[in-house]
Amino acid sequence: MRNAYQNKVSLNESSKMSNAIINTFFSIYSVICLIPIILVVMISFTDEKALEQFGYSLFPKELSVSAYKFIFQDPSQIIRAYGITIFVTIAGTILSLIMTAMYAYPISRKDFKYKNFFSFYVYFTMLFSGGLVPWYILYSRYLHLKDTIWVLIIPYLINAFNLLVMRTYFSNNIPSSIIESAKIDGASEIRIFVQIVIPLAKPVFATIGLFSTLTYWNDWWLSLIFIVDDKKVNLQYLMNRILRTIQYISQNKSQMGGSVMDTIPTESVRMAMCVIGMGPILFAYPFFQKYFIKGLTVGAVKG
Amino acid sequence: MSKRLTGKIAKALYAVLAMALTLSLFAGCGSGNSKEGASTVTSTSGDSSNAAAENSSGLKLEPYEIKAYIPNSPQNDLELVTAEINKQLQQKINATIKINMYGFDSYQDKVNLAIASGEPFDVCFSANWMQYSQNVAKNAFTEITDEMLDRDAPQTKANVGRFLDSCKVDGKLFAIPTEKEFAAYYGLVAKKELVDKYNLDLTKLKTLADIEPMLKTVKEGEPGIYPFYVYKNGTPVGLLLNTFEMVDGSNLPGVLRRNTDFKVYNQYEEPEYKEALKIARDWFQKGYINKNAATITDTSPDEKGGKFLFELQVLKPGKDNELAQSYGYPLTQTAFPADVKPYTSCNEVQNSMMAISRTSEDKDRALMFIELLHNDKELMNTFAFGIENKHYVKKSENVVDFAPGLNATSTGYSMVGMQWTLGNQLIEYTWTNEDPDKAQKLKDFNKDAVESKISGFSFNSEPVKTEQAAISNVVKQYVQSLESGSVDIDSVYPKFISALKAAGVDKLIAEKQKQIDEWAAANGKK
Amino acid sequence: MQNTVAASAIASKPEKKGRGFLHEVNKNKSLFLLMLPTFLFLLINNYIPMLGTIIAFKDLDYAKGILKSDWIGFKNFEFLFKSDAAFRITRNTLGYNALFIFLGLVIGVTFAIALNEVKQKFLSKTYQTIVFLPYFLSMIVVAYLVYAMLKPENGFVNKFVLPALGVEAMDWYSSPNAWIIILPVVWVWKYIGYGVVLYLAGLTGIDEELYEAAAIDGAKRWQQIKSITIPLLTPLMIITTLISIGSIFRADFGLFYQVTQDAGMLYQTTDVIDTYVYRGLLISNDIGMASAAGLYQSLIGFIIVSLANWVVGKISPENKLY
């Protein structure tokens, strides 16, 4: 017994050599991924004059928090925007997960006769869209959701890609034998779904949950299109506004009837906005991560 | 799944969708119910005061809410200022206002969506660089007839005068231009410190060759300074725009030569264009032009860092001062060639206007509002700068500054830097850092302007929209690289010309020529 | 009642023909009930606005509204095929997207498996987090960073990297060929974390007992990966690939427009359908033409994905997308 166990551990893992190679590779790759992020953070703390003189640098000569001071002149707006983003992200992710799973489960069942039709029904929405204008008319004039917080949530409830990934996970990782035996025990479909399928599908819930969280957190477009009252805009829109303004002005500068230079803030402010925009969400990643990592439970999966 | 079933489901779905479509989605789209005539206007916001005001012709006015789209970054105190504006509006035209204020990051999207979705609103800022003529062509705006002007905006009609024609499309007026400079010329803005240091005489510049020695001097004496700073559409070649007149407000091929006849040219094939390209290339290779000239999008670090001697600008009196405020050091300006006269065409007038929406429920009131904005000093200044003693303080009768302790970013309301989008700059207060004679200078400038022969002509691009899309891409691909001198002329320029041909430039030129000829004939111009 | 439903499902008798959809609904009430909210949502949010594609065939006039505007046939589509750019944008769009699909699949799966093999769980978690980080940056910011690296005068690459290698400084924004490499690199850097997470979740779902059994049979680790991990990940790989193929005619606008700074000299290798349409319609903002372009992209994507799905159906029917 002990022998078998040892045997299993050694064969069940990669060799020391390949472990070392993998580690080396990912250490280097991690640095490549990190440097630009650190660069953004450093620029946000660099003195503007130093930026003009020396350009971007990982080791700025003069540090400064003036960019953050500038942004937080009026913290109430940023705090409010954080509040909206957090509410929208949490409510949206939960709702989205529930609706996605409720649809993905039936079409994942091999014994469900119309699974192909209903899969197609979802996938088709990814291929074709009516364009912005009809969709906007629907939301603003018929659903009357313009300038409400719901319009920041509803449009992203269903993502066809996420739904089909979840379907695939259900159909491949939930043994149909479990479902069948539950049926024989007299469990209703709903009960099977809630008590058996969902607990077994934690990794895919975590993954889709993460994707959905990011969709909501990073969105600024819905705010741009639908929000009228500046008190209802979300954080990313607030932060992106400046970047978009610069782009717009540089495109039309030579034709505009006047100059609008004053509204363009410094580079360090732009990067500080980027940091503020992505900061908190970085902590969401580990929260989801623990569900799709095998963690420390190797060998103890099935009780 | 059996085919029959799919068919059934599809049929059922189709029925549901078709019903939804006909019942709701587009039903209300075309129903911009217009109510012509001031005497028949009805109210949409009847709950406000019933005190009926009278307009200039003595008709009773019901309360009405004007919905306006204004480009400006969102302001914290917008509600306060709106309340103040409402006080004035209620008294004068018994109206209140709902101001939709959006910065340039979203203004165009929001207005286009409002238009496309048939949303009822009254007035919006529009401009030739913001699809004004396309919106007119697609019936987004209301025609402002002569009767309407006489009835609701006589003062503005008198003030704007001949420039109103420049806004017309097919002889019809769809928007009122912001009163500011109605003319312009292209020229250079120079860093004053360097001009003084090297004793550069800017008053006699005639050709690009005259500038070159200055560029050379500064290049040698000031390392780190770009003698000629180039950004998108701001290249040495751009100075030729004092020779040509754009027909459609864009840099697509097809221009007139100023002060000559009605012949349409492809400016990119004209000899002086090619000549200018060679000079730009030469300057680029000599290091007079910034190396990133072909790709630069954000010029503010270099401009605020004072890293240039010259840059191209569209000029008016006091432009150097205006820019100096935002760059943070003194500048000086010169026309190029130095003796060029300010020129007025629809390009200069149409770059800032206010249009009345087709969906406005009271078009007369909308026009009355524009009239007030153009002539009521109190209203205009409230709109532009907020509430006296809260957002700004008066230094003298006409000169103002931010209220103590406030600046451009900390104030709760300001359109400083964006006032040119609105109303009448000639009745605005001037700021302590501005020339107090600004208004008079602008008036004189407008008076002296040479008027375009095709003032009042507006190009309808609809027949050539396919070509226009393709040509836009070709122009974007080549023009900035060529004009900034970043690429080899001999190998790239011929490709540019042949790509234009392939994209249908001849058809575009012919269409422009045809429309101009027809217009000239119809209007008895020669 | 429930028992009979369950029983019939277990027996999974071949359904009699002629028994309609309604019968099926009746039989699987609960399943249909589960699906109903999402079904209705898609109907309203996606299918109803889809009727707006008629704009692509109309000369839109706001005064007449969408329905009553004049029909103009295929005129709105012409600009897509008119110029000699048509070949260029089609080739670039298809080429880059095919490459991205391939890279996303190969690198994504490899990274996920490799990360799963790291013995030190803390390190594995750290790597994962970091690999995912670039996904948080918006394309506009990525464009700034790439520009900081590549700008002609004092960009990082021209100032430090190339001199260190003894290579002469290069003008990246007028060298179209370089972007055939730069764009995929930026794409992988920014997006690969997404795929890695996806495949990690797939890996986590694999029953550990399978490996244990294989180990007892003496299978080496790479053999286990080959014969257990990869086959079990295949359905996920197929589904993500199929879905991406449907969008093969749509390009990442931010990547091709912002990251390239829309530099004209690069169009040969950077111009894609989306950027071309955007530029072409900047002046006119023609909704009809925009709609036409979108419809064209959808249709081609639909045709290609239908073919791919059909092929998958021939090989392994259970992995079909629909």
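**Domains, chain contacts and local backbone features**

Chain C is divided into domain 1 (2-71) and domain 2 (82-319), with bounds taken from an automatic or database domain assignment. The C-alpha centres of domain 1 of chain C and domain 2 of chain C are 32 Å apart. Six residues of domain 1 of chain C are in contact with five residues of domain 2 of chain C, contact being counted when C-beta atoms, placed from the backbone, lie within 7 Å. On the domain 1 side, these residues comprise three nonpolar, one polar and two charged. Here Ala, Val, Leu, Ile, Met, Phe, Trp, Tyr, Cys and Pro count as nonpolar, Asp, Glu, Lys and Arg as charged, and the others, Gly among them, as polar.

The model is predicted; local features need pLDDT of at least 70, side-chain atom pairs count only at pLDDT 80 or more, and totals for chains, interfaces and linings use all residues. Residues are numbered from 1 along each chain as its sequence is written, while chains are lettered from A and ligands numbered from 1 in the order in which they are written.

Between chains A and C, 89 residues of chain A are in contact with 77 residues of chain C. Helix 2 (residues 16-44) of chain A supplies the largest share of the chain A side, 13 residues; helices (H or I, at least four residues) and strands (E, at least two) are DSSP runs, numbered from the N terminus. The chain A side has 56 nonpolar, 24 polar and nine charged residues.

Helix 2 of chain A packs against helix 7 (residues 121-132) of chain C at an angle of about 35°, with their axes 9 Å apart. Axes are lines fitted to C-alpha atoms over the stretch in contact, and angles run from 0 to 180 degrees between N-to-C directions. Chain A contributes A:Asn23, A:Phe26, A:Tyr29, A:Ser30, A:Cys33 and A:Leu34 to this contact, and chain C contributes C:Leu123, C:Tyr127, C:Ile130 and C:Val131.

Two aspartates have a positive phi. A:Asp147, with phi of about 65°, is in the loop between helix 7 (132-142) and helix 8 (160-173) of chain A. C:Asp262, with phi near 50°, is in the loop between helix 13 (253-258) and helix 14 (267-270) of chain C. A:Asp147 is exposed, with 12 other C-beta atoms within 10 Å, whereas C:Asp262 is buried, with 24. A residue is buried if 20 or more other C-beta atoms, placed from the backbone, lie within 10 Å of its own, exposed if 12 or fewer, and partly exposed in between.

Technical notes: Contact = placed C-beta atoms within 7 Å.
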